[in-house]
Amino acid sequence: MVVAPDAEKYHKLSGSYVYDPRLAGHVKAKKTKELEELLPAPDQIRDRIAAGRVLIEVMRTAAKLKKPLFGNLGIGIPVYVSWLAGELGLSNLLALTVEPGPIGGIALVGPDFGVAISPQALIPMPDMFTNYEGGIIDFASLGFMEIDPKGNLNPSYSSTRVSGPGGFPVISAGSPRTFFAGGFTAGKFDIDAAKGKLIIKNDGNIPKFNEKIAKIVFSGPQAVKAKKEIIYVTERAVFGLNENGLILKEIAPGIDLEKDILAKMNFKPQIAYKLETMPECLFHQSLDPLKEYVDDILEEAGLL
């Protein structure tokens with residue numbers, strides 16, 4: 001046995017923690033002020049809106065299947081679904097995983113992605129990927145960088161930096177339904193919400209819906225052939241996928257279809273004959289309207 005030198009530098013549990021028993025699964029965290037500071041609440045309301053719309057879809061799936069769900073959350077906006085589920089008291093209906101091994105608990109974000117507060121279990125990463133490859137998860141929520149007209153998706157590749165796809169191909173291939181989530185545009189933005197409406201004060205200047213994407217890591221046409229359930233969620237629009245490619249199905253209340261959506265895309269998608277409005281409960285400063293909306297879904301299905 002050798003005592004490792006400089007443990008704080010070389011042997012961190014995550015990007016920010018050398019050791020924390022709450023993250024190692026050794027103790028169950030209790031509600032304290034310190035824990036509130038640790039919880040990974042989104043910095044931007046844009047991210048909370050998109051994560052909230054994913055949570056609604058997850059709860060609709062639980063209601064349809066009439067059972068708790070086993071799912072995966074990817075890095076970026078999707079991981080905030082774990083925080084939202086905890087805040088709204090829905091964790092008992094979800095066994096959420098992140099690929100390094102935690103099952104349950106509240107997943108952390110950013111440099112601490114890969115660990116969770118008070119996980120129910122911790123398993124080795126290869127075993128977690130065996131689960132994904134075996135198709136036992138009910139859903140996955142993954143991030144995106146670019147999407148093209150066919151619903152093909154690039155999650156991470158850029159010509160200016162070397163980056164691999166991580167677990168993305170395995171997870172998206174093994175999941176029967178995937179709820180992609182990301183910001184509608186990239187770059188500096190100032191987006192808010194109030195009284196059930198989205199407010200775009202300043203939009204990002206980098207399009208994410210492009211005629212051609214740098215790398216196809218998820219194939220829309222193959223997902224259609226496999227009859228997978230696919231949606232693409234942003235803070236202002238929700239797209240579906242059919243044999244003709246991407247189709248716009250929902251837009252946020254308070255925005256203009258032409259100016260705020262179509263003008264910010266480098267192609268024109270199919271538009272649903274009956275274009276819906278995203279649930280207004282997402283566009284408030286308080287989480288109470290979202291909780292009421294989700295509780296209604298679960299009560300009707302007999303899950304509450």
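Predicted model: local features only at pLDDT ≥ 70, side-chain atom pairs only at ≥ 80, totals over all residues.
H5 itself covers residues 125-133, and its buried residues are Met128, Phe129, Asn131 and Tyr132. Why do they end up on the same side of H5? They cover an arc of only 150° around the axis, and that puts them on the same side. Just after the helix comes glycine 135, with a positive phi of about 75°.

Threonine 97 sits in S2 and is buried, with a relative accessible area of 1%. Leaving aside neighbours within four places in sequence, threonine 97 is in contact with Phe70, Gly71, Asn72, Leu73, Pro102, Ile103, Met128 and Tyr132. Met128 and Tyr132 are among the buried residues of H5.

Now for helix H3, residues 45-65, where valine 58 lies. Is valine 58 buried or exposed? Valine 58 is buried, with a relative accessible area of 0%. Its contacts, again leaving aside neighbours within four places in sequence, are Leu69, Leu94, Phe139 and Phe179. Along the chain, valine 58 and serine 141 are 83 residues apart, but in space their C-alpha atoms are 9.3 Å apart.

H3 also meets helix H4 (residues 80-87): the two axes come within 9 Å and cross at roughly 75°. That makes H3 roughly perpendicular to H4. On the H3 side, the residues involved are Asp47, Arg48, Ala51, Gly52, Val54 and Leu55, and they meet Tyr80, Val81, Trp83, Leu84 and Ala85 in H4.

Next, the aromatics. How many aromatic pairs are there? The count comes to eight aromatic pairs, taking ring centres within 6.5 Å as the cut-off. Take phenylalanine 144 and phenylalanine 209: their ring centres are 6.0 Å apart and their planes are at 65°, so the pair is edge-to-face. Phenylalanine 144 lies in the loop between strand S7 (139-141) and strand S8 (146-147), and phenylalanine 209 in the loop between strand S14 (206-207) and helix H7 (220-225), so the pair ties together parts that are 65 residues apart in sequence. Phenylalanine 144 and phenylalanine 209 are buried.

A second pair, phenylalanine 180 with tyrosine 232, has its ring centres 5.4 Å apart and its planes at 20°, so this one is stacked. It links distant parts of the chain too: phenylalanine 180 is in strand S10 (residues 177-181) and tyrosine 232 in strand S15 (residues 229-233), 52 residues apart. Both of these residues are buried.

Ring pairs also link Phe144, Phe184, Phe209 and Phe239 into a cluster.

| Charged residue | Ring | Distance to ring centre |
|---|---|---|
| Lysine 215 | Tyrosine 157 | 4.8 Å |

Valine 217 belongs to the loop between S14 and H7. At 22% relative accessibility, valine 217 counts as partly exposed. Leaving aside neighbours within four places in sequence, its contacts are Leu153, Asn154, Pro155, Pro165, Phe168 and Pro169. Serine 118 is 99 residues away from valine 217 along the chain, and their C-alpha atoms are separated by 32 Å.

Finally, some backbone angles. Most residues other than glycine have a negative phi. Lysine 66 has a positive phi near 55° and is not a glycine. It is found in the loop between H3 and S1 and is exposed, with a relative accessible area of 54%. Lysine 195 also has a positive phi, about 55°, although it is not a glycine. Lysine 195 is in the loop between strand S12 (190-194) and strand S13 (197-202), and at 79% relative accessibility it counts as exposed.

Technical notes
Residues numbered from 1 in each chain as written. Heavy atoms only, no water. Buried < 20%, exposed > 50% of the residue type's maximum accessible area, 1.4 Å probe, protein only. Helix = DSSP H or I, 4+ residues; strand = E, 2+ residues; numbered from the N terminus. Arc of directions from axis to C-beta. Phe/Tyr/Trp six-rings, centres within 6.5 Å; stacked < 30°, edge-to-face > 60°. Lys NZ or Arg CZ within 6 Å of the ring centre and 35° of its normal. Contact = heavy atoms within 4.5 Å. Axes fitted to C-alpha atoms, helices over the stretch in contact; angles between N-to-C directions. Parallel < 35°, antiparallel > 145°, perpendicular 65-115°, else oblique.
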